[in-house]
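Here are my notes for your review. Please read them with the structure open beside you.

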Amino acid sequence: MGSIGLNTGLKALLSAQAALETIGHNVSNANTAGYSRQRLDLAASPSLLVRGLGIGSGVDALRVMRTTDALIQARIVAQTGSIARIDARLAGMSQVQALLGEPGEFGLSSLMEAMHSSYAALAADPADLVLRTSAVQSTVATTSQMNHLATSFAAAQDDVVGQIRAQAKQVNLLADEVVRLNQEIANIEASGVPANDLRDQRDETIKRLGQYLNVSTSEAGFGKVMVSVGGRLLVGANQSYDLSAQVAQDGAVTLQLAGGTQALQPKSGSIGGLLSFAKEFLPHVSQQLDGLAKQLIFESNKAHATGIPKTGPFTQLSALHALQDMDGDGQIGDERLVQAGLPFDASAGVLRVNMTDASTGAFTSHAIAIEPDTTVDEFLAALNDIPHLSASLDSYGRLQLVSESGHGFDFSRKTQVAPDAIGAFGGAAASLGAQAGPYQLAAGDTLQLQGPGGVATVALSVNDFEDIGEATAAELAAVLNADASVQAAGLRAEVVGDRLVVQTTTSGATASFEVLGGSALGALGLQPGVVSGGDRAVAIEVSGTWSGDANDAYVFTPTMDGVVGTTQGLAVEVRDASGALVATLDIGAGYTPGEELDLPNGLKVSFGLGDVSASHGDAFVVEGWADSDTSDILAAMGLNALYAGTTAVDIEVREDLRDDPQLFAASLTGAAGDNQALLELESVKELALDALGGVTVGEAWGDFVSNVGFDIQSAENARGTEQFLLDSLVARREEVSGVNVDEELVNMVRFEQAYSAAARYIQAVNSINDELLRLI
Amino acid sequence: MNVRPTQTTSYQLVQSGLNLNFAKLIRAQEMVSTGKRILRPSDDPIGSSAALALRRQLGDVGRYMGSVAAATPTLELSTAALQDASGLLSDAKQLAVSGMNGTLNDADRRAIANQVRGLKDRLLELANSRSGDAYLFGGTATDRPPFEEVRIGGETRVAYFGNTDLQKVAIGLGVDLAVNLPGDMIFAPDQPGSTSWSGLSGVRAGTTADMGSGFETLHVRHDGIVGVPGSGVALVGAGDTLLGDRDLVIDAVAGTVQLGSGPAKPIPAAGSSAAADFVLVDQHGAEVHLDFAGWDGTSSTSTLHGDGSVSLDGSTWTTIDPAQTDLELEDPASGAVLHLDLSGMVRAVDDLATFSGQANVFDVLEGMAQDLENAGGLSAGDVQQRLAARLVEFDKNQDALLSALGTLGARAERLIDADGRLQDMETHLASLLSSTEDADLASTILEMSKAEQTLQLAQATGSRLINTSLLDYLR
């Protein structure tokens, strides 16, 4: 038995030694990241037939194996990726949150409050230059903060691109590492020895890859693994594929794997997180901020555009935004005004332009109707039709308005103090008003008038009317005024509301004309007869500011012929644009000429002494303007704007206004103490805007801030959950692959004892052999 | 539970536990040191949204309070100015009343007139009161004096250059308060009614309405007398003011002479100094100058007819036609238009038309001063009559001033109410904001000591756990 016994003992000794060495390896790597516990596989040696007995020949140390669970390992890799993604997004979002500075003194919210407070302070004393400057400066502070946020967001976008590039480089290094390990493992394992530690290293490398991208692995034979990202190979059996990041013109980032054609869209990992931050979160917050800025610009400019600055009506104004040549024919004039590429939406509506005579302070009011199909040229022509005003486009397509010296223009909704400039209501000239139009005329209808200068005969032609059966007073007046015989007769036609008025060009008691006849008389509601002027015109004055919700026009007509303040029962009926009677003013006996009478919607009117005539169709119109630019074309073009720019990046207070706060339009009437335009600007704060989802600018900002907060909070919560999951996965892995030092110590004691026992066995075999040898 | 725990597991466990508890401690410390529960929106998105909304509301309230604070001094200054003005008007009225005293002589009345002018000047200063650089009573035309002296139709008048617009400030959502009171409502208010005449000349308002502001003086000129007195008495032909027909009765028996139903006067002795230019006055104060030198001693009754002309501007004259009941006169300088009924004209004396349209207090005071100066040499009774007419207008001015003071008082009341309401609101909102974003110190500190305790426990147990090793027992 001797040699067998000794051999058995030797194998026991060697096995115990190998086991102890494995334990030593385990204990030394107890703190190595990714290390998997190794154990020695032992097996009993096959028994030998000795003396008819099958005697065991000891123990064989088969191989050293690592204990791993590939499934847990894969899940850890995935989980690490999820957390890395959340961390990357969180880092970015927290940076944005810090930039917002909310809630706090220097956040946009506080700055906007400060801006509105400075407006309110100015409203209490609109003439004060210090308050005016502070109102402008606080507006500048608000716009600066918006610029700061917008540029910071853009810088954050650049940062992200840099980070993605750096991380892609790291990914490529790790991929190369996997390729190298694959090779080594294949080499070693070809000789039948498991490459435990290299496999551990490879697992760890793949785990690190998983921090950047969502990787998955598959076996490639010979102990090699392939790594893929979203189904695309990053590491093949023998080579790696380079990951690169491309940045487009607009700042959009795309990832590309060498050899691939489609962009890579990693779902997790820090690169996935950065991409999601750069492609979803940042553009979203930028858009929100831009939307907010755009609405603030547009709504504030709408309120500001119709105001009058401290310097009075304008003599010269330039639009900030250019009209565009949309159809590319090299001309802007043929574009439709409301679709001419302005950054803000204009619509069909009415624009009021007031021309003020600087020497008298009196103004005339001109309404320009903007239809959906009004062209830029038509709009310019309408502006140029206003006396003393000239309009043109500069080479960029920006509207330029200039008035003749001695005249100024504005767009305010101020009340026309003297509404009857032409004297159609008790005026000094002989004046005859027709009934309200449109008139059902027919081609060839005539009108024959005997003026101071002779007889005028006018025949009407279809060509002069859009629809002669529905002829408007303005069309008819144009026809009459263009007629040479009317001019020679010393007559002219005017329009009051929708009525035609025929007047002598001279005035006084001697001025008179006669309606001789003509087939058009019936349609106009006129009778043949003589009309005379008077020595005195009835002075009509209107005061107050229109408080109605919509634009309207009150038409005033007397109920009978009579003398103001004298004739018993003389009254004036006031009808609104729809023809409804809104007031009847008693100006007969008992009325003191010049006494103010109340009208609905905040206006007052007074009548001076003189004769008025119902039978001669006396009438005048008082316009009530609630919004002097219902088309929003002023704000769309940036005329008399408060803000220049269209987004959060370029929003700023109009440059010349910033330099000269006197240009801040606080007044509607031009009076130094008037603050009505300022009050309208202040009320922008209260406007619920459809473009912002039916909330005010302040509320929208509040929502925006709290949404950022929500995003971060939910990411933080998700991170907690994911971390818990990872912790439990790591614990599971530890359970399987971790080194328990105590356990190793116990094993160490065990194999120490096994070693001793084997040595003792060899000693026993040796003493048996000695006994035998002594016999010899 | 782990079936096979390892040292690494225990290290990780201890470490994450320590981290968690330490983070809690730091968060609690952060809350204690800043006093805020919400430092960044992610701390509490809902709370931070509520906090921002509350801050906006607080901003609104602060702004409204700012407007109240800004409006208060303006209203106080206006009230003070108007109270002074009210005192001035009372003084002026007393002066006018004392000027009506028949015992005063011309010099006395001139002295009073000077005082009235002084009051007028002071009133003008008050009407042009300023708050800072802004005029208080000019409507929204705050950059120029609202009342200025101008020359209209040869008279120095005070005209209003302001407007009637109100300067409003917001003192609540949709609640506006006017800060200013346009001066024309205070010093030149609209007063519906018809034109009134002082009535010395017998002119009356015509059938057609008049138009103008303040007052106009109607100049009445005597052009001559038609008719011859009886009993050899002759007309002197100068200084007469008689208009229309009047009987001249010379009663030789009683020794008196009487014009119309005026006082009967004793016939002056022949050769006396009075006889050559004897002034006879009728019941209206119209005068006829008679020369009794040629009186033949008989009684007689004759009819005298005085002719005259009227003018507003003193240069264009219209002959009085008693049949004219609606003569239109226009003063080109002031634009005033008057319609006169001349049928009752009895005396050639300047008459005063006071327009009802505007009761301009400066015009009334100026008129008072002119009446007291009596440049036209009216009798004491005539002066009294004119002053009485002025006082009627003057009362309207006092009423207007008092009503303006009442308006200001009501606004001051509203401001005080609004201020109280806004302060309550501010307190309420501030406490809401505090409960939303401020840390509850008591519970935060409790939280902090809890976190501290847990951390210490974790440290203690953790150190025991990682110190345990079989090695301690293997010798």
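Predicted model: local features only at pLDDT ≥ 70, side-chain atom pairs only at ≥ 80, totals over all residues.

1. Two strands count as paired if DSSP finds at least two bridges between them.

2. Start with the β14(B) hairpin. Strand β14 (residues 278–281) of chain B and strand β15 (residues 287–291) of chain B pair in the antiparallel sense, over four bridges. Within this pair, B:Val279 stands opposite B:His289 of β15(B). Five residues lie between the strands, and B:Gly285 in this hairpin takes a positive phi near 90°.

3. Which residues of β14(B) point to the buried face? They are B:Phe278 and B:Leu280.

4. Chain A has a hairpin of β19(A) and β20(A). Strand β19 (residues 491–496) of chain A pairs with β20(A) in the antiparallel sense, over six bridges. A:Ala493 has A:Val502 of β20(A) as its bridge partner. Two residues lie between the strands, and A:Gly497 takes a positive phi near 65°.

5. β20(A) also pairs with another strand. Strand β16 (residues 429–436) of chain A and strand β20 (residues 499–507) of chain A are antiparallel, with five bridges. Here A:Ala429 has A:Ser507 as its bridge partner in β20(A).

6. Back in chain B, three strands form an open antiparallel sheet, in the order β8-β19-β18. Strands β8 (204–205) and β18 (327–330) of chain B stand at the edges; each has a single partner strand, so one side of each is left without a neighbour in the sheet. β8(B) is joined to strand β19 (residues 337–341) of chain B by two bridges, and the two run antiparallel. B:Ala205 has B:Leu340 of β19(B) as its bridge partner.

7. What lines the second largest pocket? There are 49 lining residues, and those nearest the pocket centre are A:Glu734, B:Thr8, B:Thr9, B:Ser10 and B:Gln12. Elements of chain A that give two or more residues to this lining are α2 (70–100), α5 (196–212), α14 (697–737) and α15 (741–775). In chain B they are α1 (7–34) and α7 (441–467).

8. The space in the second largest pocket is about 1200 Å³. By class, its lining has 24 polar, 17 nonpolar and eight charged residues.

How values were computed:
Residues numbered from 1 in each chain as written. Chains lettered and ligands numbered in written order. Heavy atoms only, no water. Buried < 20%, exposed > 50% of the residue type's maximum accessible area, 1.4 Å probe, protein only. 1 Å grid on protein atoms, 1.4 Å probe; cavity = no way out; pocket = protein on both sides within 12 Å on 5 of 7 lines; lining within 4 Å. Points joined across faces, edges and corners; volume = space filled by probe spheres on them. Nonpolar A, V, L, I, M, F, W, Y, C, P; charged D, E, K, R; others polar.
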